[in-house]
Amino acid sequence: MFKQSIAFSSFSVNDLQKAKKFYSEILGLEVKDDPMGIVELHTQGNNPVMIYPKPNHEPATFTVLNFPVENIEKAVDELIAKGIVFEQYEGEIKTNEKGISTNPHGPKIAWFKDPAGNILSVLEKQ
């Protein structure tokens, strides 16, 4: 039924202007206004991700967007320099002092939040 559909992802934020600034200026993504009052995030080789305002927004408790990178240490250092604070986890997905999880059963990955509290990640390509 949906095999030929060109799917896309979306998530909400509580302040569209803060989101636009964060995704364009901090993360360096191409951000475009959409006539429907939402914004589109453009990444290489993907359909745009839609971000829409929601007055009663509640941050996602799971990762809404993942950014594969060649070198996670370098990416994390660059984001820290821009003021990003990485999440710290214990247990199975324990993170180091920078916020990077090096679990042998998964990719090197680090989680951080956008201004609306949604969880994003950078993960090292394998």
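1. Start with the lining of the largest pocket. Its residues divide into 14 nonpolar, 6 polar and 5 charged. Here Ala, Val, Leu, Ile, Met, Phe, Trp, Tyr, Cys and Pro count as nonpolar, Asp, Glu, Lys and Arg as charged, and the others, Gly among them, as polar.

2. A word on the basis. This is a predicted model, in which local features need pLDDT of at least 70, side-chain atom pairs count only at pLDDT 80 or more, and totals for chains, interfaces and linings use all residues. Residues are numbered from 1 along each chain as its sequence is written, and side-chain values use heavy atoms, with hydrogens and water left out.

3. How much space lies in the largest pocket? About 550 Å³. The largest share, 5 residues, comes from β5. On a 1 Å grid over the protein atoms alone, a pocket is an open set of points where a 1.4 Å probe fits, with protein on both sides within 12 Å along at least five of seven lines; lining residues have an atom within 4 Å of a point. The volume is the space filled by probe spheres set on the points, which are joined across faces, edges and corners.

4. Now helix α2, residues 72-81. Helices (H or I, at least four residues) and strands (E, at least two) are DSSP runs, numbered from the N terminus. I72, A75, V76 and L79 are buried in α2. These residues lie on the same side of α2, because they cover an arc of only 95 degrees around the axis. The arc is taken from the directions from the helix axis to the C-beta atoms. Exposed K74 and A81 sit on the face turned away from the buried side. Buried means under 20% relative accessible area, exposed over 50%, and partly exposed in between (1.4 Å probe, protein chains only).

5. What do the buried residues of α2 pack against? The partners are α1 (16-26), β5 (63-69), β6 (100-101), β7 (109-113) and β8 (119-124). Contact means heavy atoms within 4.5 Å.

6. Both ends of α2 deserve a look. N71 caps the N-terminal end, with a side-chain oxygen 3.0 Å from the backbone nitrogen of E73. After α2 comes G83, with a positive phi near 95 degrees. G83 lies in the loop between α2 and β6. It counts as exposed, at 57% relative accessibility. G83 and I26 are 57 residues apart in sequence, yet 8.7 Å apart in space, C-alpha to C-alpha.

7. T95 also has its place in the loop between α2 and β6. Is T95 buried or exposed? T95 is buried, with a relative accessible area of 6%. Its side chain makes a polar contact of 3.4 Å with that of Q88. Such a contact is a pair of N or O atoms within 3.5 Å; within protein, one must be able to donate a hydrogen and the other to accept it, and residues adjacent in sequence count only if both atoms are side-chain atoms. Leaving aside neighbours within four places in sequence, T95 is in contact with E87, Q88, Y89, I100, S101 and W111.

8. Last, T61. This residue is in the loop between β4 (49-53) and β5. T61 is exposed, with a relative accessible area of 73%.
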